[in-house]
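Hi,

Here is the structure I promised to pass on.

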Amino acid sequence: MPRLFKIRSKKAGLPPGSLVHIGEKKLEKVKISAIEYSEMYCHEREVSNIGECFPIKNDQTTTWITICGIHNVENIENVGKFANIHPLLLEDIMNTDHRPKIEDFEDYIFIVLKLLTFNETDKRIEAEQISLILGKNYVISFQEKESDVFNPVRERIKNGKGRVKKMGADYLAYTLLDAIVDGYFVVLEKQGEYIEAIEEELITNPSIETLKKIHTVRSEMLLLRKSVWPLRDVVNMMRKGEFPLVRSIIHVYLRDVYDHTIHIMDTIETFRDMATGMLDIYLSSVSNKMNEVMKVLTLIATIFIPLTFISGIYGMNFKYLPELDWRWGYFAVLTGMGIMGISMVVYFRKKKWI
Amino acid sequence: MPRLFKIRSKKAGLPPGSLVHIGEKKLEKVKISAIEYSEMYCHEREVSNIGECFPIKNDQTTTWITICGIHNVENIENVGKFANIHPLLLEDIMNTDHRPKIEDFEDYIFIVLKLLTFNETDKRIEAEQISLILGKNYVISFQEKESDVFNPVRERIKNGKGRVKKMGADYLAYTLLDAIVDGYFVVLEKQGEYIEAIEEELITNPSIETLKKIHTVRSEMLLLRKSVWPLRDVVNMMRKGEFPLVRSIIHVYLRDVYDHTIHIMDTIETFRDMATGMLDIYLSSVSNKMNEVMKVLTLIATIFIPLTFISGIYGMNFKYLPELDWRWGYFAVLTGMGIMGISMVVYFRKKKWI
Amino acid sequence: MPRLFKIRSKKAGLPPGSLVHIGEKKLEKVKISAIEYSEMYCHEREVSNIGECFPIKNDQTTTWITICGIHNVENIENVGKFANIHPLLLEDIMNTDHRPKIEDFEDYIFIVLKLLTFNETDKRIEAEQISLILGKNYVISFQEKESDVFNPVRERIKNGKGRVKKMGADYLAYTLLDAIVDGYFVVLEKQGEYIEAIEEELITNPSIETLKKIHTVRSEMLLLRKSVWPLRDVVNMMRKGEFPLVRSIIHVYLRDVYDHTIHIMDTIETFRDMATGMLDIYLSSVSNKMNEVMKVLTLIATIFIPLTFISGIYGMNFKYLPELDWRWGYFAVLTGMGIMGISMVVYFRKKKWI
Amino acid sequence: MPRLFKIRSKKAGLPPGSLVHIGEKKLEKVKISAIEYSEMYCHEREVSNIGECFPIKNDQTTTWITICGIHNVENIENVGKFANIHPLLLEDIMNTDHRPKIEDFEDYIFIVLKLLTFNETDKRIEAEQISLILGKNYVISFQEKESDVFNPVRERIKNGKGRVKKMGADYLAYTLLDAIVDGYFVVLEKQGEYIEAIEEELITNPSIETLKKIHTVRSEMLLLRKSVWPLRDVVNMMRKGEFPLVRSIIHVYLRDVYDHTIHIMDTIETFRDMATGMLDIYLSSVSNKMNEVMKVLTLIATIFIPLTFISGIYGMNFKYLPELDWRWGYFAVLTGMGIMGISMVVYFRKKKWI
Amino acid sequence: MPRLFKIRSKKAGLPPGSLVHIGEKKLEKVKISAIEYSEMYCHEREVSNIGECFPIKNDQTTTWITICGIHNVENIENVGKFANIHPLLLEDIMNTDHRPKIEDFEDYIFIVLKLLTFNETDKRIEAEQISLILGKNYVISFQEKESDVFNPVRERIKNGKGRVKKMGADYLAYTLLDAIVDGYFVVLEKQGEYIEAIEEELITNPSIETLKKIHTVRSEMLLLRKSVWPLRDVVNMMRKGEFPLVRSIIHVYLRDVYDHTIHIMDTIETFRDMATGMLDIYLSSVSNKMNEVMKVLTLIATIFIPLTFISGIYGMNFKYLPELDWRWGYFAVLTGMGIMGISMVVYFRKKKWI
């Protein structure tokens with residue numbers, strides 16, 4: 001349950017805009033780093049206080065501030081103060097159970113995203129909330145913990161490889177978005193491998209555990225879809241040119257990300273459909289197995305019941321029971337029983353019951 | 001049934017606009033209180049007659065009139081008379097089975113909302129209808145009974161904490177809306193705990209009672225969705241700026257409430273999906289349990305039926321039955337039966353039937 | 001079948017606009033009455049020939065012509081002639097299996113509605129078709145039989161109570177619409193009581209009859225929805241101000257009727273959902289009952305089969321069977337059987353199989 | 001299969017616009033007739049060559065050319081040549097597995113329709129494709145075989161009855177459309193009777209054949225819906241006034257046809273829903289019947305197994321078995337067995353198991 | 001799994017626009033050919049380097065460049081360089097798990113399509129990705145392997161048959177599109193035959209294998225739908241005239257292709273529905289067969305159990321058991337058993353249990 005629903009009741013009764021961290025505290029110490037770059041220039045530093053990064057004076061360069069750890073109220077308040085962010089947004093940043101969304105304020109765009117990872121141990125998808133603030137010449141990214149998803153981007157900036165260094169803050173935001181969406185493919189691949197394992201189990205040894213696993217897959221797909229649907233809308237709004245801060249030169253790249261989200265949606269639907277199919281096969285094979293047991297056993301019983309009846313007849317103590325006195329009576333009865341038993345087996349075989 | 005459908009037939013045949021209280025009478029005596037405030041000023045009083053509150057002269061202050069108890073026709077008529085409200089609205093206020101809705105009259109906006117509480121005893125969600133009339137400088141709120149959901153707001157006004165005292169009637173209406181929606185999260189949390197309890201029961205001791213509980217959860221979710229879908233529309237219409245009485249400065253706050261309703265919708269869908277999954281697991285585990293019983297029992301029967309047949313053979317009274325005269329015949333037969341029984345058990349084990 | 005589908009094949013091959021009565025003839029003699037009223041004036045009379053009502057000269061008064069019985073071709077043709085109605089509309093009036101609909105001709109609006117009643121005997125919803133023609137200063141209403149649904153309206157006009165006498169023909173049409181929709185609530189209440197009775201039956205004595213009743217409820221709800229969905233559209237088109245003959249002062253009243261139709265839709269959905277839930281519980285409880293029978297009975301059989309086997313052993317006629325000669329052999333075996341039987345019962349109890 | 005999917009693979013690889021007849025050849029010889037009429041005039045003739053009908057010079061009259069048989073490539077090519085029709089349309093005419101559709105070319109409108117008939121033998125709906133070309137003063141209709149659906153229209157033209165003779169080509173097209181849609185009602189009525197017969201069978205003697213019939217009904221309804229949905233769009237586009245060749249005076253008639261298609265859709269949905277309900281009842285009654293058999297039989301077995309055990313006890317050959325020597329032992333045991341058997345029956349009765 | 005989801009994780013972390021071949025390498029060596037034609041002229045040649053085809057100078061002719069094999073990065077880069085294609089498109093060409101899509105760049109249109117073939121061995125549908133770049137006077141087509149789907153088009157160009165030689169590049173693109181869509185019909189026909197075979201198997205010999213085949217058909221239909229839905233959008237966008245490079249003269253041809261895609265969608269839905277129906281019949285017939293076995297066997301047991309009980313009675317060793325001494329006791333009991341057995345059979349027959 002706590003996976004699906006984070007405790008928000010501690011906020012009930014508080015005035016709107018109150019900063020309360022909702023979610024699990026995943027990191028001990030907040031870590032802030034800032035990287036400032038232009039096509040020719042690149043400077044990275046760790047800062048202990050968010051105030052050191054402001055004001056972002058230089059219009060010629062792009063500044064990317066990374067804040068790992070969002071549970072510290074004072075710290076988030078400082079961001080609000082220095083970067084002039086609306087209090088409700090600060091509340092959103094600290095509240096980790098948001099859907100992906102995008103909101104346009106004139107000076108900046110606020111984006112909430114979900115970074116997904118596949119937990120190999122319990123085969124669950126885990127979500128971390130990433131918030132981005134995209135300004136004219138800066139991007140501020142908020143993470144719940146230090147994950148390495150943005151490291152390749154940081155490397156590319158430092159090494160000056162790729163297009164990212166030459167282009168501005170909007171391209172940086174796109175790159176971060178792209179890195180997150182690429183992570184979804186990795187999650188789907190692992191999920192796919194898990195589905196393959198369940199299919200294997202379904203054939204070799206289906207049990208009620210298999211059923212629970214199938215349901216887990218289905219509910220994970222549901223969860224995933226809830227992250228991807230609104231993400232699709234976020235990307236779509238960005239690529240449609242609704243935000244002046246996103247230049248039209250970026251749209252073609254966003255269309256590419258959009259295609260990826262569509263592709264992810266398709267795969268999710270396919271996985272859901274496979275889970276439904278596996279459910280049907282599970283139920284069918286369980287009842288099939290049961291049927292088989294019942295059938296063979298009942299057949300054995302059926303063959304022996306009439307035979308037992310015959311033996312019962314000759315066990316009766318009637319004074320006058322002629323067969324009992326015959327010389328070959330016993331052997332005749334034995335033979336008769338044998339023939340009877342065999343012919344029943346033959347009959348059942350013919351009827352394809354065994 | 002009475003939960004789902006309130007008796008309206010007593011209204012059939014009456015002319016439109018007739019004031020008839022539809023619903024349960026939850027309170028003995030109507031209680032009216034008025035609070036008048038501005039940024040610097042705050043005055044609260046209890047009134048015995050609604051007429052005392054009118055006319056609301058002062059444009060500098062915001063007046064919030066709370067009416068607890070809506071079953072008194074005369075009282076509601078007075079509201080209509082003094083505040084100049086359309087008769088159909090008065091009818092709506094007294095009729096407690098409305099869906100959430102918003103209606104714009106030039107001088108005021110009329111909002112119907114549902115306040116939800118989770119009844120721990122029978123695990124049902126209970127709804128109370130809240131009506132709001134938002135005028136230029138006043139808010140009138142109608143409640144079925146005295147509940148404490150608006151107390152934090154009242155405290156904030158009296159203590160002068162938060163933004164509420166500085167801003168006008170539209171912000172007050174938003175705050176009330178927000179308080180109600182926050183209550184939904186509390187209901188969902190309790191519902192979530194209940195679902196957890198059912199899941200526990202499903203694993204340890206599933207019975208037809210569990211099935212009924214699962215269905216209760218599903219129908220509660222349906223009911224909840226029926227309250228939240230139109231609420232979402234209400235909030236959306238308000239935040240889209242369709243109503244001149246709601247200033248654009250409030251829209252960003254309403255967008256926040258809107259996000260909450262979306263989040264609630266998502267959780268409801270998740271809960272419904274979990275209920276469906278639990279239903280499948282219930283049915284599977286019931287049939288599994290039955291299968292297990294049948295299997296073991298049938299196996300026992302199957303082993304003993306052929307053995308009984310053999311004992312029947314040697315119980316026959318044939319004069320000439322050679323084995324009966326053998327010295328070790330009895331022990332040979334006993335041994336044979338033992339071997340037969342054991343080999344059948346081994347065979348069934350191998351076939352994984354036991 | 002005839003409930004769901006009225007025989008139209010007799011119309012195949014006829015030219016469009018041919019007047020043929022489709023449906024059951026519910027009334028022997030056509031009855032026509034006209035009531036002419038203004039705020040101060042009211043005159044009601046029965047007419048034998050529709051022609052007597054025309055022309056409707058007085059613009060100061062509102063005329064309401066009621067025609068009970070629509071199977072008489074000549075009569076309907078006369079309406080067409082005197083009131084100048086399009087031939088296709090006349091065809092529609094005589095054809096009682098229409099969906100609710102509204103059509104705008106410049107001089108008048110044509111509305112088809114369904115009046116529903118709940119037949120207590122076979123628990124079915126019965127529909128009667130009501131057609132309305134709303135002109136500038138007149139309303140013509142066509143009914144299949146004399147029902148008392150419009151009597152309260154007629155009384156209000158004659159007694160001068162309520163708003164209806166002061167307002168014009170469009171308000172009259174709204175009042176009739178409102179009366180019909182109010183009737184739906186009565187039908188739903190009765191349906192709700194019937195569902196309660198089925199639920200009761202489901203708990204005490206479920207049978208295949210219960211299943212058929214549940215299906216009846218579901219198909220009735222389907223039928224009802226088919227009447228209410230298009231009705232909703234009719235009301236919506238009227239309240240949206242698409243028709244010049246419906247003055248804007250009436251819109252707020254129509255919005256009220258619209259809310260009612262939404263409420264009815266919701267209740268129908270709830271009832272459908274309850275029927276689905278009852279279906280699940282029915283199937284579960286039937287299979288549960290069967291399981292219980294099978295389980296107890298199989299248990300009895302299982303306990304006695306091994307015991308019978310033992311008695312069979314000592315029924316064998318071996319010459320040398322030492323136990324038979326023992327003094328307490330019989331009692332030892334009886335005791336052994338008793339212990340065996342009891343321990344099996346204990347084991348099954350422990351396994352929760354009985 | 002061939003019903004659902006006509007072999008098109010013979011077209012793969014051919015250039016677009018190649019004339020190949022797709023479908024069954026239903027008629028040996030092509031038959032062409034032309035009827036030219038105005039309000040006062042009417043002339044009908046059979047032609048052997050389509051060329052004889054062209055050019056259609058007279059603007060004062062309406063010409064209706066009927067072509068029965070569409071498998072002849074040369075003939076269809078001639079129509080293209082003389083009436084100046086786009087090659088792709090000719091391809092469409094010869095290809096009988098099209099959905100209903102309408103296409104606007106400036107000089108003419110091309111309409112594809114499905115004429116449905118109910119085959120009483122195998123209870124299947126059969127479709128024939130009808131293509132119409134509506135020009136300014138002519139209609140060309142293509143049929144697969146000579147059916148009598150258009151005969152009433154032809155009679156009305158020749159007899160000068162009805163409106164058809166006075167109005168132009170667009171009204172003629174409407175009349176043909178109306179005749180086809182009227183045929184759908186006949187098909188639905190027959191389908192309805194068939195459903196009634198299945199319901200009867202379901203109650204008296206359900207078998208796996210009944211199941212197959214229910215599935216047949218469902219798939220027929222699916223097929224029907226696929227013809228009616230696009231037909232609805234065709235009629236809707238015509239009545240919305242998108243085509244200059246259809247005068248506004250015709251729109252009210254087309255609205256009538258549109259209502260009919262809606263009505264047909266509703267009936268199809270009802271039939272589908274009934275089929276689903278019958279499926280549920282079938283499955284329930286099959287399992288019910290099985291349960292009943294199993295129950296009674298198991299009960300018989302259960303009663304006799306303990307009794308047999310008792311008889312087994314007294315069949316044991318113990319030297320010292322005191323009851324055997326009692327004078328009334330046999331009768332006491334018989335009585336005991338009788339009481340035991342009867343009390344078990346009573347117990348089962350009380351538990352409602354028999 | 002690999003069928004449904006291609007490994008993309010190797011791309012995670014790479015900058016956008018990196019050229020990585022995603023999919024199976026189906027061809028050893030890349031093969032490039034170019035054909036240049038106008039109404040009067042036609043020249044075809046194989047080229048070893050894509051650079052040889054550029055620049056495409058002649059505006060009077062149409063050039064069609066075919067590239068079989070897309071796994072070679074350098075080769076695709078060259079296309080980008082010479083034909084001036086956006087890097088993201090090059091990435092799309094090499095990535096074979098795209099949905100069909102169309103993208104408009106001012107100078108060219110980029111189309112991704114799926115060529116489907118039915119693998120007779122494992123009854124699976126196989127997809128090959130085809131990318132088209134349509135410029136003003138050229139078409140570049142990319143295939144994964146050398147398939148013969150475009151051969152008829154090439155032949156028509158070389159032989160000068162059909163319309164294709166006279167018209168420009170847009171008509172060529174349409175022809176290729178048409179050839180691909182025609183291939184879908186072939187796939188559907190083969191799928192239809194396979195469904196027929198499954199239906200046959202369902203009647204004669206249903207097994208859990210049949211169930212798996214039915215599920216395979218369903219998932220293939222799902223896969224197919226995922227290719228056809230976006231294809232439909234591609235064609236629809238082209239025929240709506242959104243792209244200046246597609247002349248309006250081509251729209252009527254595209255409308256024809258559009259009709260085909262609709263037809264394919266319909267057939268897919270029908271097949272899915274048939275699969276669902278087969279699933280129901282499978283489950284019903286499996287449980288029917290089991291029921292039959294159980295019934296007959298239980299009946300046999302039931303008849304013999306009471307008879308065995310009777311024989312047990314007369315096997316008891318009571319000293320005083322009068323019937324045993326009767327002269328005809330044995331024969332009387334035998335006769336009684338016979339009558340009892342026969343009357344039970346008659347009773348069961350009457351109850352229709354056997």
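In chain B, the buried residues of helix H7 pack against helix H6 (248–313) of that chain. Keep in mind that this is a predicted model. The buried residues in question include Gly329(B), Tyr330(B) and Val333(B). Looking down the axis of H7(B), they fall within an arc of 100°, so they line one face of the helix. In general, an α-helix has 3.6 residues a turn, so residues three or four places apart point the same way. On the face of H7(B) turned away from the buried side sit the exposed residues Thr335(B), Gly338(B), Ile339(B), Ile342(B), Ser343(B), Val346(B), Arg349(B) and Lys350(B). As for dimensions, H7(B) covers residues 329–350, which is 22 residues. From first C-alpha to last it reaches 31 Å, close to the 32 Å expected at 1.5 Å a residue. Just past the end of H7(B), Lys352(B) has a positive phi of about 65°.

Chain A has a mean pLDDT of 85, with 96% of its residues at 70 or more. Within chain A, confidence is lowest in helix H1 (residues 73–83), at a mean of 85, and highest in strand S7 (residues 138–143), at 92.

Chain A also splits into domain 1 (9–285) and domain 2 (295–350). Taken over C-alpha atoms, the centres of these two domains of chain A are 77 Å apart.

Next, the contact between chains E and A. It takes 42 residues from chain E and 52 residues from chain A. On the chain E side, the elements giving two or more residues are helix H5 (208–239), helix H6 (248–313) and helix H7 (329–350). H6(E) supplies the largest share of that side, twelve residues. Sorted by class, the side of chain E that touches chain A has 23 nonpolar, eleven polar and eight charged residues.

- Gln143(D) is in strand S7 (residues 138–143) of chain D. With 21 C-beta neighbours inside 10 Å, Gln143(D) counts as buried, because the cut-off for that is 20 or more. Leaving out residues up to four places away in sequence, Gln143(D) touches Cys68(D), Glu128(D) and Ile130(D). Gln143(D) and Cys68(D) are 75 residues apart along the chain, yet their C-alpha atoms are separated by 4.8 Å.
- Met167(A) is in the loop between helix H3 (151–159) and helix H4 (169–204) of chain A. It is partly exposed, with 18 other C-beta atoms within 10 Å. Met167(A) and Leu88(A) are 79 residues apart in sequence and 30 Å apart in space, C-alpha to C-alpha.
- Lys123(A) has a positive phi of about 55° although it is not a glycine. You'll find Lys123(A) in the loop between strand S5 (108–119) and strand S6 (124–134) of chain A. Lys123(A) is partly exposed, with 17 other C-beta atoms within 10 Å.
- Asn84(C), also not a glycine, has a positive phi near 65°. Asn84(C) belongs to the loop between helix H1 (73–83) and helix H2 (87–94) of chain C. With 13 C-beta neighbours inside 10 Å, Asn84(C) counts as partly exposed.

For background on those last two, most residues other than glycine have a negative phi.

Cheers

Terms used
Residues are numbered from 1 along each chain as its sequence is written. Chains are lettered from A and ligands numbered from 1 in the order in which they are written. This is a predicted model: local features need pLDDT of at least 70, side-chain atom pairs count only at pLDDT 80 or more; totals for chains, interfaces and linings use all residues. Helices (H or I, at least four residues) and strands (E, at least two) are DSSP runs, numbered from the N terminus. The expected span of a helix is 1.5 Å times one less than its number of residues. A residue is buried if 20 or more other C-beta atoms lie within 10 Å of its own, exposed if 12 or fewer, and partly exposed in between; C-beta atoms are placed from the backbone. The arc is that of the directions from the helix axis to the C-beta atoms. Two residues are in contact if their C-beta atoms, placed from the backbone, lie within 7 Å. pLDDT is the predictor's confidence in each residue, from 0 to 100. Ala, Val, Leu, Ile, Met, Phe, Trp, Tyr, Cys and Pro count as nonpolar, Asp, Glu, Lys and Arg as charged, and the others, Gly among them, as polar. Domain bounds come from an automatic or database domain assignment.
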